[in-house]
Amino acid sequence: MYGQEANLREQVIEEYRDDLVKLLKYLPFLEKKSGKDVTQFYEGDEKNKVIPVPVYDSTLLGFVKEAKTTKFMNRNYPYVYRKWRMPTPNDERIAMESATIRDMDLFRGIMSKYVLEGQRKSVMWTTAVEERIFVTALTKLRSLIFDYSKEPLSERPR
């Protein structure tokens with residue numbers, strides 16, 4: 001039984017490690033920003049007023065673009081939400097903090113909800129930053145992947 005568990009852990013680490021490293025470079029930005037810091041509204045100039053359009057921080061848009069290309073995207077994320085019963089962002093954070101390496105579907109579902117749904121309803125990106133969903137997910141994933149990794153401490157992302 002223990003051998004199977006170790007083998008599963010190594011498979012998960014191998015599968016998600018590179019994608020996690022790509023996303024971890026955005027963690028300092030996400031930690032220092034709040035939701036209102038990443039969104040501004042363009043309303044036109046003095047003469048030509050237009051309907052307010054949200055304008056997002058370019059680093060946040062880079063994170064979203066990068067996240068869409070990773071294995072953390074799952075178009076079937078509503079199933080994960082039904083399975084884990086997470087109606088609020090607080091429930092999402094609690095679930096992530098108690099997750100183990102076997103619960104990668106949880107992280108895939110939460111990241112997918114905010115990244116993919118944000119393409120239709122862009123307030124989702126602001127909510128994820130404001131509620132620290134991305135920070136919680138990346139921090140816990142870093143812990144799960146790199147605390148059990150066999151590579152030296154000096155080579156692990158911070």
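I take buried to mean under 20% relative accessible area, exposed over 50%, and partly exposed in between, with a 1.4 Å probe and protein chains only. By that rule Lys-113, at 15%, is buried.

**Entry 1: ground rules**

I am working with a predicted model, in which local features need pLDDT of at least 70, side-chain atom pairs count only at pLDDT 80 or more, and totals for chains, interfaces and linings use all residues. Residues are numbered from 1 along each chain as its sequence is written, and side-chain values use heavy atoms, with hydrogens and water left out.

**Entry 2: the chain as a whole**

I looked up the secondary structure and found eight helices and two strands. Helices (H or I, at least four residues) and strands (E, at least two) are DSSP runs, numbered from the N terminus. Read from the N terminus, the order is α-α-β-β-α-α-α-α-α-α. The chain has 158 residues, and 42% of them count as buried. I then checked contacts, meaning heavy atoms within 4.5 Å. Of the contacts with a separation of 6 or more, 68% are between residues 24 or more positions apart. Accessible areas come from the Shrake-Rupley method with a 1.4 Å probe; for residues, only the protein chains shown count as cover.

**Entry 3: the nonpolar core**

A nonpolar core is a set of buried Ala, Val, Leu, Ile, Met, Phe, Trp, Tyr and Cys residues joined through side-chain atoms within 4.5 Å. The largest one here has 46 residues, and Leu-30, Leu-60, Phe-63, Phe-72 and Phe-134 touch the most other members. Among the elements that give two or more residues to this core are α1 (2-24), α3 (58-68) and α6 (104-117). Helix α8 supplies the largest share, nine residues.

I followed two of the phenylalanines. Leaving aside neighbours within four places in sequence, Phe-63 is in contact with Leu-23, Tyr-26, Leu-30, Met-111, Phe-134 and Leu-138. Phe-72 sits in the loop between α3 and α4, and its relative accessibility is 0%, so it counts as buried. Not counting residues up to four places away in sequence, Phe-72 touches residues including Tyr-16, Leu-20, Met-104, Arg-108 and Leu-141. Ser-112 is 40 residues from Phe-72 in sequence, yet the two C-alpha atoms are 6.9 Å apart.

**Entry 4: Thr-70**

I stayed in the loop between α3 and α4, where Thr-70 also lies. Is Thr-70 buried or exposed? At 7% relative accessibility, Thr-70 counts as buried. Its side chain reaches the backbone oxygen of Ala-67 at 2.7 Å. Beyond residues up to four places away in sequence, Thr-70 touches Asp-19 and Leu-23.

**Entry 5: salt bridges**

For a salt bridge I require a side-chain nitrogen of Lys or Arg within 4 Å of a carboxyl oxygen of Asp or Glu. A search of the whole structure gives seven. I noted three of them.

- Glu-66 pairs with Lys-25, the closest N and O atoms being 3.7 Å apart. Glu-66 is in helix α3 and Lys-25 in the loop between α1 and α2, so the pair ties together parts 41 residues apart in sequence. Lys-25 is exposed at 55%.
- Glu-92 pairs with Lys-113, at 3.3 Å between the closest N and O atoms. Glu-92 is buried, at 0%.
- Arg-93 pairs with Glu-131, with 3.2 Å between the closest N and O atoms. This pair links helix α5 to the loop between α7 and α8, 38 residues apart. Arg-93 is buried at 18%, while Glu-131 is partly exposed at 28%.

**Entry 6: positive phi**

Which residues other than glycine have a positive phi? Arg-85 has a phi near 55 degrees, and Arg-132 one of about 60 degrees. Arg-85 is in the loop between α4 and α5 and is exposed at 68%. Arg-132 is in the loop between α7 and α8 and is partly exposed at 38%.

**Entry 7: a surface patch**

Last I looked at the surface. Tyr-42, Val-50, Val-53 and Val-55 form a nonpolar patch there, with about 340 Å² of accessible area together. Patches are made of residues with over 30% relative accessible area and no salt bridge; like charges are joined within 9 Å, nonpolar side chains (Val, Leu, Ile, Met, Phe, Trp, Tyr) within 5 Å. Strand β2 (residues 49-56) gives the most to the patch, with three residues. Tyr-42 is in strand β1 (residues 39-44) and is partly exposed at 47%.

Key
A polar contact is a pair of N or O atoms within 3.5 Å; within protein, one must be able to donate a hydrogen and the other to accept it, and residues adjacent in sequence count only if both atoms are side-chain atoms.
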